[in-house]
Amino acid sequence: MSSVDSKEEKATLYEWAFRAGLIMYECLEGKYGSEGAQKRLKNIILNLRSESLPDKFRRELVNSIIEVVEDRREVSFRDEIRSEHSWSVSEFQRYSTAILAGLYDALQAKMREKMEKEGKER
């Protein structure tokens, strides 16, 4: 795999995770409010980050999304996550980095959006 393929793969997995993070945040916000959504999404990210085994990471990711996302919203799972094949160490490092970065950036985007909204209201 060339570095260009790796960057494109990472970018698309990142984009998927960013979108999933936004949807998860919105679902959590509906249930727990803005502060609760931030705390719960942070906890999900920290739990994922602590997983050192690829299969446990993937299982925790899927379980978190299924638990949080409401029925009216759909998050399709990418092939990397759905695939039955076990991730190699290098795949795990690439995939988990892209996923964690996407989820974290989604959380940060929502927090910035909230701060901008509060600033305009004042």
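This is a predicted model: local features need pLDDT of at least 70, side-chain atom pairs count only at pLDDT 80 or more; totals for chains, interfaces and linings use all residues.
Residues are numbered from 1 along each chain as its sequence is written, and side-chain values use heavy atoms, with hydrogens and water left out.

Back to Ser64, which lies in helix H2. Is Ser64 buried or exposed? Ser64 is buried, because its relative accessible area is 7%, and buried means under 20%, exposed over 50%, partly exposed in between (1.4 Å probe, protein chains only). Not counting residues up to four places away in sequence, Ser64 touches Met24 and Ile44. Touching here is contact, that is, heavy atoms within 4.5 Å.

So let's follow Met24. Leaving aside neighbours within four places in sequence, Met24 is in contact with Leu41, Ile44, Ser64, Ile65, Val68, Val69 and Leu103. Met24 also shows up among the residues with the most contacts inside the largest nonpolar core, along with Trp16, Leu41, Leu61 and Ile99. That core has 30 residues. By nonpolar core I mean a set of buried Ala, Val, Leu, Ile, Met, Phe, Trp, Tyr and Cys residues joined through side-chain atoms within 4.5 Å. Helices H1 (3–50), H2 (54–68) and H4 (89–121) each supply at least two of its residues, and H1 gives the most, with 14.

Now, another residue on H1: Arg19. Arg19 is partly exposed, because its relative accessible area is 40%. Its contacts, leaving aside neighbours within four places in sequence, are Glu74 and Val75. And look at Gly102: it is 83 residues from Arg19 along the chain, yet their C-alpha atoms are separated by 7.8 Å.

Zooming out, the protein has 4 helices and 0 strands; these are DSSP runs, H or I with at least four residues for helices, E with at least two for strands, numbered from the N terminus. Of the 122 residues, 39% are buried. And of the contacts with a separation of 6 or more, 73% come from residues 24 or more positions apart.
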